Amino acid sequence: MAFSVGLTRFIISTNPDTAKEILNSSAFADRPVKESAYELLFHRAMGFAPFGEYWRNLRRISATHLFSPRSITASGQFRLSIGAKMVDQINSLIQKNGVVEVRKVLHFGSLNNVMKMVFGRTYEFGEGGDYDWCEVEELVRDGYDLLGVFNWSDHFPLLGWLDLQGVRKRCRKLVARVDVFVGKIILEHRMKSVVENKTVDEGDFVDILLNLEKENKLQHSDMVAVLWEMVFRGTDTVAILLEWILARMVLHPKIQSKVHAEIDSVVGLDRTVTDVDIPNLPYLRAVVKETLRMHPPGPLLSWARLAIHDTQIGDHFIPAGTTAMVNMWGITHDHEIWSDPQEFKPERFLEEDAPNIMGSDLRLAPFGAGRRVCPGKAMGLATVELWLAMLLQNFEWVPSDDSGVDLSECLKLSLEMKSSLLSKAIARPVCFSFKN
Ligand code: HEM
């Protein structure tokens, strides 16, 4: 499909073959930079940086130090301890209120996880939280809102200087706050590294960026943008996906029982599930994939691509400057591609010809594909799978009342549940406790 909004030309693909051609094409290795992304300095971070040496360098650094299999294994203990805190928090919320609004708990866990990975900071669950926590939550939420808003100035440049929706003004205010917040953390790291003389492998992402060799060194403002983007991208994707999965568990008790049975037979109830158990839980992993199919967090792979030069897709000529999107939601709900696409059937992912979801098969590519495929995909999946296993080992999830589960969708930067999931969580008879 092709159309224009103001001066912006769009093409949208709902066909896996064309989608693959677009995402894998070097012509589409750039992203259109919206005014909000530019104002938030994200053109200097990985996700919006133009295709070139600077972007390639950021991908290389993060692939080596943040997202490598070794880093994912090394962060397993911390993921587990956050999962344990979420379990405790859910237990106390259930005792207090009888029901739990999981979104808040998941968001806390997810943000905490990324804050530790990127900045080396940890926070405790608590009523209201401390000042630092409130600030970081607000900064993430504001950035999320600003990037998600449809801004007319992006397509009608003459409206740009009027800033009718106030996007530019809000972005500038936010950037100043982010700069103070992240700048303070960078300064603390600089001072600490002088005192402690840590090796790169012992540190967080700030340490890694500070220790880069001369030719790769980032300027202070670039570093703030890169660090902030990681926090921003790693938080909501994971929390939103887990909320959808739990909603599906509440809605499909038979499928939930099957996951319980799998966990009980592979892990049992005497010890907590950990990262090493996950490869032995194929049904649980199929549940994650089926949820990604039914509710792809980026239904239009929200991060669009931009044609750097004139190109050809199939028989169609695509001029430079065209914005290309993939309608992943359309593909994953297409009768020609999936049998009973409206039905939640994790079993389909146990079959031999089930697609690999990491970007090689566009029937389901929730992390995108090609050069700009999500670099955090393995880390994101490891987090979702472990926390889901923990939340299901410890609880049975049931509706909070007779009204069931509202699966209405709301498209912001990601595809979220319109109404936050409210559920009861019945403690399962596990015979271990966490030492947080
Ligand atoms: C369930 C979890 C996640 C989902 C569904 C997801 C999805 C996506 C998608 C669809 C893209 C665009 C890919 C493309 O254009 O082909 C993307 C890009 C990106 N994601 Fe993720 N993501 C997840 C987790 C994460 C995590 C945990 C991080 C980091 C902490 C992260 C960091 C990024 C970055 C930096 C990019 C931009 C890459 C570039 O343009 O070079 N993501 N993600």
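**Figure 1. Asp-340 in the loop between helix 14 and helix 15 of the predicted model.** Asp-340 belongs to the loop that runs from helix 14 (328–332) to helix 15. Its phi is positive, near 40°, although Asp-340 is a residue other than glycine. For comparison, most residues other than glycine have a negative phi. Asp-340 is exposed, because 9 other C-beta atoms lie within 10 Å, and a residue counts as exposed at 12 or fewer.

**Figure 2. The shell of residues around the ligand.** The ligand is surrounded by 29 residues, of which the closest are Gly-234, Gly-368, Cys-374, Gly-376 and Gly-380. Helix 11 (220–251) and helix 15 (377–394) each contribute at least two residues to this shell. Helix 11 provides the largest share, with seven residues. By residue class, the shell comprises 17 nonpolar, eight polar and four charged residues.

**Figure 3. The largest nonpolar core, with Leu-246 among the residues that have the most contacts inside it.** This core has 104 residues, and those with the most contacts within it are Leu-227, Leu-242, Leu-246 and Leu-388. Helix 11 gives the most to the core, with 20 residues. Apart from its neighbours within four places in sequence, Leu-246 is in contact with Val-102, Leu-391, Trp-397, Leu-421 and Ser-423. In soluble globular proteins, nonpolar side chains tend to be buried together.

**Figure 4. Helix 5 and the elements that cover its buried residues.** Helix 5 (residues 76–97) has 22 residues and reaches 31 Å from its first C-alpha to its last, close to the 32 Å expected at 1.5 Å a residue. The buried residues of helix 5 are Arg-79, Ile-82, Gly-83, Lys-85, Met-86, Val-87 and Ile-90; the list thus includes Arg-79 and Lys-85, which belong to the charged class. The cover over these buried residues includes strand 3 (100–101), helix 6, helix 15, strand 8 (395–399) and strand 11 (422–427).

**Figure 5. Helix 6, largely enclosed by the rest of the structure.** Helix 6 (residues 102–119) consists of 18 residues and spans 25 Å between its first and last C-alpha, close to the 26 Å expected at 1.5 Å a residue. Because 15 of the 18 residues are buried, helix 6 is largely enclosed by the rest of the structure. Gly-120 follows helix 6 and has a positive phi, near 75°.

**Figure 6. Thr-274 in the loop between helix 12 and helix 13.** Thr-274 counts as partly exposed because it has 16 C-beta neighbours inside 10 Å. Leaving aside neighbours within four places in sequence, Thr-274 is in contact with Gly-76 and Leu-80. Thr-274 and His-65, by C-alpha positions, are 22 Å apart in space and 209 residues apart in sequence.

**Figure 7. The setting of the close-up views within the whole protein.** The secondary structure comprises 15 helices and 11 strands. The radius of gyration is 22 Å, close to the 22 Å that the globule rule gives for 436 residues, so the protein is as compact as a globular protein of that length. The C-alpha trace spans about 60 × 60 × 40 Å along its principal axes. Buried residues make up 39% of the 436 residues. Of the contacts with a separation of 6 or more, 74% join residues 24 or more positions apart.

Methods:
Residues are numbered from 1 along each chain as its sequence is written. This is a predicted model: local features need pLDDT of at least 70, side-chain atom pairs count only at pLDDT 80 or more; totals for chains, interfaces and linings use all residues. A residue is near a molecule or strand if its C-beta atom, placed from the backbone, lies within 6 Å of it. Helices (H or I, at least four residues) and strands (E, at least two) are DSSP runs, numbered from the N terminus. The expected span of a helix is 1.5 Å times one less than its number of residues. A residue is buried if 20 or more other C-beta atoms lie within 10 Å of its own, exposed if 12 or fewer, and partly exposed in between; C-beta atoms are placed from the backbone. The radius of gyration is taken over C-alpha atoms; the globule rule is 2.2 Å times the number of residues to the power 0.38. Two residues are in contact if their C-beta atoms, placed from the backbone, lie within 7 Å. A nonpolar core is a set of buried Ala, Val, Leu, Ile, Met, Phe, Trp, Tyr and Cys residues joined through C-beta atoms within 7 Å.
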